[in-house]
Amino acid sequence: MHSSIDYGQFDEGRAISYWDLDHTLERELRRIYTAAEFEWAAPRLAEFGHAVGHTIADNADYIDDHGPELEPYDKHGERQNRVRYPAEQLENERLAYELGIVADAFEAPPGRDEPMPLSHNLAMQYLLCYADPGFDCPVAMTAGVALVLEKFDDGSLSEYYEGLTSRSYDALIEGAMFLTEKQGGSDVGANETRAEYDEDEGCWRLSGEKWFCSNIDAEGTLALARTDDAPNGTDGLSMFLVPHADPTLESGPYTKGDRLEDGPLSPKDVNDQLYRRLKDKLGTIAVPTGEVEFTGAKAYLVGEQERGFKQMTEMLNLERLSNAAASCGIIGRVLLESKIYAANRDAFGETIDQYPLMRADLVDMAVDHEAAMAYVFETARLFSERERAQRAGDDADDAYRLMRLLIPIAKARTARMAVETASYGMEIHGGNGYVDDFVTNRLLRDAQVLPIWEGTENILSLDVLRALERENAHEPLFGAIEDRLESVSHPALAEAVDTVEAEYHDLSDALATLAGEDTEYAQLSAKRLAHYVFDVFTAALLLAEAQTQLEAGNGRLALVAQRFVATELETPSARGITSGDRLALEAFDSIVRYAPVDPETLTDVIAAGD
């Protein structure tokens, strides 16, 4: 059991290990990993958290001011499609990839007989996003492309899979996913990129424009295109792997090592595509995002023709979870910076974390972080369970149906929370928080893309309706909520359990109502429904985890669960002003500083709060 953390000992949220200070992540991983997995992972995560908190965090600030630059042509006017990176970014990449951020979840790492679950990749992405959510974008897509090739490649692209999952930075291939077209946007079925088979070369040729291409110079990019005579809409799209360089001119895939050793490609090496420009973005500067014009680019078919969109959804599920992990990472870093600043900033004779309003704010930020982490890593557990079952040829139908519902909600809710938390973290820092010298400025800019990447909240909410309609996802959802509520027996949690049970029944009624309504009304209610599922499911998760923690001798999470239930599921009279609720003051040290709570005194703490 950890002791209370004195945040006043730190000057700011860097030159520290993010793993050592994030007891929430540790608790969630202990819950979803096997004992052997956690024993192996803990020292590696400590090493990674140290690297992120020191080298990667410092480099990220420099990269934000000196990001990648596109050099589309050489001095002779020949196309080269070169992106120039600052040395600090290359250092960050080498550190992260060689510490196994992608490889460990696909190939057995040293000391293990099998890969770690994909939840481990998400945990490392979470820690990385304490420092640089922009860099996490190519990391996430590299894992996503590896997952797609693992599932759908017939073996002909094994060299690319090996590069994507390499622990050697020089042999690494980064991945990307080019979906968006100018006329399509979220309507992927409107994509116009064409694929024609080249009989002479024995390959496919892509022609068309991709409008928003993050990690533009990835060595292994997945793109959707329509073959001749394919139907309109998403049903007519096929998936292709597009190399950065002409694959016929290399002994194997073009890798990071080739790029670093040889510099820009010569005109004869360039695969037939043009990187027109990089987007001048608000944030996520570390990842170069631009426009690509395919002009007969050589490409390899992945999987079956006209099943590209369905295959891409497998990657999209992981990307949406990565987006949620990134959101949680930003929330965690903003919370850490806010705790440290409030513990050091003197105003009117005291540090500002001694004042009731700031204490309430920090408590609520900490509870939001706990809620987001519980939801996202439970969803990650289900995702990993399904992937492992598929690899073993086993059935994981319930895990799949439930994760199909939870993943779009995870992405939608946590992205919004990240923006709101980053905005308020900036406010806590006052004028300093608004300027480039302090990290809150960048965290807010980086957070703002998270509601956009991998589908906006409206698109995700409609996906929730599809999961309910096509997968009957409400069935495993109800079972999961009931199981967790039934596991809670501590008397101090009884009132919160009653509240969640009542809301659970109301949620069930809401789902039954929407099932009988017309499509327009169902869509009108979709966003409210997504948030409702998050609130009820998360409350049940937190209460069940709190019960487990109480049995282990710590009542801290019970206070977190109660605060979440009160904030998200109760409607107090007179805006709560007449309630006498003082929990934020009485439980500040426990919720914000991780001070343990004796289960024997838990009822007294709650009573004092009321």
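In the predicted model, Glu71 lies opposite Arg82 of strand β2. The two strands concerned, β1 (residues 69-73) and β2 (residues 79-84), are paired in the antiparallel sense through 4 bridges. Together β1 and β2 make a hairpin, with 5 residues separating them. Within the turn of this hairpin, Gly77 adopts a positive phi of about 85°.

Strand β6 (residues 220-227) is joined to β7 by 7 bridges, and the two run antiparallel. In this pairing Ala225 stands opposite Ser238 of β7. Strand β9 (residues 289-302) is also antiparallel to β7, to which 3 bridges join it. Here Leu241 has Tyr300 of β9 as its bridge partner.

Arg404 belongs to helix α11, which spans residues 397-428. The relative accessibility of Arg404 is 12%; because the cut-off for a buried residue is under 20%, Arg404 counts as buried. A polar contact of 3.3 Å links the side chain of Arg404 to the side chain of Asp463. When neighbours within four places in sequence are left aside, the residues in contact with Arg404 are Asp463, Arg466, Ala467 and Glu471.

In soluble globular proteins, nonpolar side chains tend to be buried together. The largest nonpolar core of the model contains 200 residues, and Leu29 and Phe377 have the most contacts inside it. Not counting residues up to four places away in sequence, Leu29 touches Trp19, Phe38, Leu45, Ala123 and Phe377.

For the protein chain overall, 20 helices and 11 strands are found. Of its 610 residues, 60% count as buried. The radius of gyration is 24 Å, which agrees with the value near 25 Å that a compact globule of 610 residues would have. Along the principal axes, the C-alpha atoms fill a box of roughly 80 × 55 × 45 Å. Contacts between residues at least 6 apart in sequence join residues at least 24 apart in 77% of cases.

Definitions and conventions:
Residues are numbered from 1 along each chain as its sequence is written. This is a predicted model: local features need pLDDT of at least 70, side-chain atom pairs count only at pLDDT 80 or more; totals for chains, interfaces and linings use all residues. Side-chain values use heavy atoms; hydrogens and water are left out. A nonpolar core is a set of buried Ala, Val, Leu, Ile, Met, Phe, Trp, Tyr and Cys residues joined through side-chain atoms within 4.5 Å. Buried means under 20% relative accessible area, exposed over 50%, partly exposed in between (1.4 Å probe, protein chains only). Contact means heavy atoms within 4.5 Å. Two strands pair if DSSP finds at least two bridges between them. The radius of gyration is taken over C-alpha atoms; the globule rule is 2.2 Å times the number of residues to the power 0.38. A polar contact is a pair of N or O atoms within 3.5 Å; within protein, one must be able to donate a hydrogen and the other to accept it, and residues adjacent in sequence count only if both atoms are side-chain atoms.
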